[in-house]
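Me: Hi! Could you walk me through how some of the helices pack in this one?

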Amino acid sequence: MRQTQQSQQAHNCQDAPIAQEKTEQQPKIGRIPALIAAVAIVGIAIGIAAGLLTLMLYQVEHFALGYIENAHESGPFNVPAIRRAISVTVGAAIAAVIWWLLRTRTTTVPSVKKAVGGALMPVWQTIVHVLLQIFIVGTGMSIGREVAPRELGAMFGQRFARWVRLGAKDTRMLVAITAAAGLAGVYNAPLAGTFFAVEILLADVTLETVTLAFACSALASWVASLVKGTHTFYLIGKANGLFTPDYMVFALIAGLMLGVAGALFRRGSQWAEKSKPSGAGILWMMPLAGLLTGVVAIAVPQVMGNGRATAQLSFSSKADLAVLPILLLSFVAKAIVTLLTIRSGASGGVLQPGIALGASGGAMLGILWMQMFHTNSIDMYALLGACALLAASQQAPLMAICLVMELADAPINLFVPIGFAVAVSAFTASRLAAPLAALHLPRPSTPVKR
């Protein structure tokens, strides 16, 4: 009896801190009001930040390369080759030194997924980390810029959650929602932001999660548009939403092929990320990657930047067999240089490079298809390819299809064939995930961060 009482008292003592912690974590204003306030306040803040980051990118491009990207001039095609090489090499060297100091002399900035899991994002280190990502994209390195606003959004969400004393579960949800709102804000893509939160970061689709995520992403998109303006990211020309039966057959074939390509790109990205130098290796590897990017850009200028130039080139191509070598060169060069950039130690995203690869692949397949069926237009094939490869590489079909369709302001009718292609590509990539993960890729010669 005495042992039972002692055991019960010990159990109560163990539960007391937990109960106290739960009590302490209750928001003073109530859970739902706290979440609504967080969505409103952080949504506005990340919208402003996303707009300012976009303007920063334009200013870096203007200073380093002498142009500002837009739908009509999506890449540094008219910039002298020597200036392109100097810009990307010097930019990589500067970023390498700062990242080396940031990673070896101060608190490490965790990934967004780790932040969702509870890892604390330090304030000034995160801000420097974010600005460096925008800087290297502006100088011409081949990597996406969408991680930067996501990291800021995650940091804002974390700080607000601690301020209002949200519980652990609600904090996790809020960090995912505000991080995804950063993606929505920088690209004016509220649907993509919503699905990024519930499909990738949380893997939790509930009415509450979807409602809060969509509200935060929509608010961030609107506020960002007030700062940086509103424009169509990709011009797709004559795509009017009307598609033919052969286009549905093409969706099946392209979905299979680009599903394989997307799975390979995903595996390559994972290898490159795990193989990043953890010490002084970044001081020579990243400048070398910048120099090699500049050399490749002599013949393939569209390889520079986050992938917009490569994708737009595919959307705007002529349905001519003579274009195939250019598209193939763009595809191979973009894939290799992007993986090389990540491997060298740079931080950034692969959403835009994935869209670029998919658009190139879809355009190549579309040109061949149009030799037999003279229907539809090249941009419709490139659009389908972009959605299919992105869905396969991210294993997130809803986010992928919404992001590309929102960026291109595509007709909603195209959700039918493109949705079919995305379903096939995502399924194909999922079946290849285990065999590809079992492959033993060469070990890096420098120590890697675990």
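This is a predicted model: local features need pLDDT of at least 70, side-chain atom pairs count only at pLDDT 80 or more; totals for chains, interfaces and linings use all residues.

Me: Great, start with H12 and H13. At what angle do their axes cross?

Reply: Roughly 160°, and the axes come within 11 Å. H12 covers residues 308-315 and H13 covers residues 324-343.

Me: Why are H12 and H13 called roughly antiparallel?

Reply: Angles over 145 degrees count as roughly antiparallel. H12 and H13 cross at roughly 160°, so they are roughly antiparallel to each other.

Me: Left-handed or right-handed crossing for H12 and H13?

Reply: Left-handed. On the H12 side the contact uses Thr310, Leu313 and Ser314, and H13 brings Ile326, Leu327, Ser330 and Lys334.

Me: How many nonpolar, polar and charged residues is that?

Reply: For H12 with H13, three nonpolar, three polar and one charged.

Me: Okay, new topic: H16 and H17. How far apart are their axes?

Reply: They are 10 Å apart, and the helices pack at about 140°. H16 runs over residues 397-408, H17 over residues 415-437.

Me: What do we call that arrangement of H16 and H17?

Reply: Oblique. An angle has to be over 145 degrees to count as roughly antiparallel, and H16 and H17 pack at about 140°. As for handedness, H16 passes H17 in a right-handed crossing.

Me: Which residues of H16 and H17 make the contact?

Reply: Pro397, Ile401 and Met405 come from H16, while Phe415, Ile418, Gly419, Val422 and Ala426 come from H17. By class, the contact of H16 with H17 has seven nonpolar residues, one polar and no charged.

How values were computed
Residues are numbered from 1 along each chain as its sequence is written. Side-chain values use heavy atoms; hydrogens and water are left out. Axes are lines fitted to C-alpha atoms, for helices over the stretch in contact, and angles run from 0 to 180 degrees between N-to-C directions. Helices (H or I, at least four residues) and strands (E, at least two) are DSSP runs, numbered from the N terminus. Angles under 35 degrees count as roughly parallel, over 145 as roughly antiparallel, 65 to 115 as roughly perpendicular and the rest as oblique. A crossing is left-handed if the near helix is turned anticlockwise from the far one by less than a right angle, and right-handed if clockwise. Contact means heavy atoms within 4.5 Å. Ala, Val, Leu, Ile, Met, Phe, Trp, Tyr, Cys and Pro count as nonpolar, Asp, Glu, Lys and Arg as charged, and the others, Gly among them, as polar.
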